[in-house]
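Hi there,

Here is the structure I promised to pass on to you. Please open it first, and then read my notes alongside it.

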Amino acid sequence: MAIVTDKAVPTTETGTAGASAKKSRAGWQSTGSVIALRILVMAAALILWQLMSGPVVPEYAVSKPTEVYDALTSMLGSGAGWNNIRVTTVEVLAGFGLGVAAGTVMGLVLGSFPLLGRVLEPLVAAVNGIPKIALAPLFLLFFGIGPWSKITIAMTGVAFVVFYNIYLGLRMRERELVEVVQVMGGRRHHVLGYVTIPTLAAPFFAALKTGGPLAILGVIGGEFIASSEGVGHELFTAAQNLDAAAEFAGLIVLVALTLSLNGVLTALDTYALKRLGLAARRRPQSKP
């Protein structure tokens with residue numbers, strides 16, 4: 001006996017159209033709406049800042065967005081401002097690069113030789129426990145107030161982060177995979193290409209993204225203590241002069257530098273993981 005219902009069975013075309021509309025709506029919500037909401041939040045924060053500066057919060061402490069804009073355009077419109085940005089950028093990149101190289105070598109050596117790692121790991125942990133900014137006066141005595149003292153401070157902060165990611169990554173390497181490659185006749189370079197590098201890729205790039213802000217922090221801290229140029233020097237001078245507008249302008253430059261470095265590292269991370277076949281695979285969509 002057949003049962004007749006009033007509900008209409010959707011056709012394949014209707015289901016496909018509904019899925020397409022839902023997909024396009026979800027895509028719009030994940031891109032356009034998010035960007036619009038971000039702009040609205042920033043605009044609301046700036047308007048609130050402008051209105052509260054003076055009547056609610058002392059203007060000398062927080063300045064105003066309009067005054068910060070004037071200070072920023074003044075900095076970017078002068079040769080001295082661009083020279084300070086250039087000096088800080090060079091110090092950050094040099095310290096970051098040297099720190100990555102030093103940390104990688106330390107991690108590979110101590111991770112490849114277990115006995116050496118067990119002997120030196122407590123010493124490395126003890127040195128890493130010292131606040132890097134506390135080493136700044138020592139580096140200033142060695143290298144003076146020039147760029148090398150700031151580069152060394154940045155290098156120490158980055159080196160330990162990279163070291164621990166490489167060192168622990170080697171220790172977590174699956175021994176069974178190494179033995180499988182060796183049983184199949186693989187040599188050291190095969191183990192390196194098929195096991196070691198894929199295992200270390202993710203923690204290595206995570207260390208790079210963590211080390212970038214640490215390099216900027218080390219350079220700015222060193223410029224705060226003793227320097228004759230750089231963004232940190234300008235920030236310290238603005239703080240002494242109670243110039244909040246110039247202070248916020250310098251912070252905006254540092255935010256731009258941080259975002260630029262993070263963007264480059266993210267692109268490099270995506271490209272490298274894709275070449276290694278480690279990029280996240282999209283889950284297949286279920287058919288309606």
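**What I found**

L242 sits in the loop that links α10 (231–240) to α11 (244–275). Helices like these are DSSP runs of H or I with at least four residues, while strands are runs of E with at least two, and both are numbered from the N terminus. Before going further, please keep in mind that this is a predicted model, where local features need pLDDT of at least 70 and side-chain atom pairs count only at pLDDT 80 or more, while totals for chains, interfaces and linings use all residues. Residues are numbered from 1 along each chain as its sequence is written, and side-chain values use heavy atoms, with hydrogens and water left out.

Back to L242: its phi is near 55°, a positive value in a residue other than glycine. Most residues other than glycine have a negative phi. L242 is exposed, with a relative accessible area of 64%. Here, exposed means over 50% relative accessible area, buried means under 20%, and partly exposed is in between (1.4 Å probe, protein chains only).

S63 also has a positive phi, of about 60°, and is not a glycine. S63 is found in the loop between α2 (59–62) and α3 (65–76). Is S63 buried or exposed? With 2% relative accessibility, S63 counts as buried.

For the overall picture, the protein has 11 helices and zero strands. Of its 288 residues, 30% count as buried.

Now for the surface. Patches are made of residues with over 30% relative accessible area and no salt bridge, joining like charges within 9 Å and nonpolar side chains (Val, Leu, Ile, Met, Phe, Trp, Tyr) within 5 Å. Accessible areas come from the Shrake-Rupley method with a 1.4 Å probe, and for residues only the protein chains shown count as cover. One nonpolar patch consists of L98, L138, L141, F142, F143 and W148, which together have about 680 Å² of accessible area. Which helix gives the most to this patch? Helix α6 (residues 136–143) does, with four residues. L141 belongs to helix α6 and is exposed, at a relative accessible area of 70%.

There is a negative surface patch too, formed by E59, E67, D70 and D243. Asp and Glu count as negative and Lys and Arg as positive, while His and the chain ends are not counted. The place of a charge is taken as CG of Asp, CD of Glu, NZ of Lys or CZ of Arg. D243 lies in the loop between α10 and α11, and counts as partly exposed at 36% relative accessibility.

How many salt bridges does the structure hold? It holds one, where a salt bridge is a side-chain nitrogen of Lys or Arg within 4 Å of a carboxyl oxygen of Asp or Glu. The side chains of K209 and D269 form it, at 3.4 Å from N to O. K209 is in helix α9 and D269 in helix α11, so the pair ties together parts that are 60 residues apart in sequence. K209 is partly exposed at 30% relative accessibility, whereas D269 is buried at 12%.

Finally, have a look at E223 in helix α9 (residues 188–225). E223 is buried yet has no salt bridge, and the nearest side chain of opposite charge, K150, is 6.7 Å away. The side chain of E223 does reach the backbone nitrogen of G232, at 2.6 Å.

Happy exploring!

Terms used:
Polar contact = N/O pair within 3.5 Å; in protein donor to acceptor, adjacent residues only side chain to side chain.
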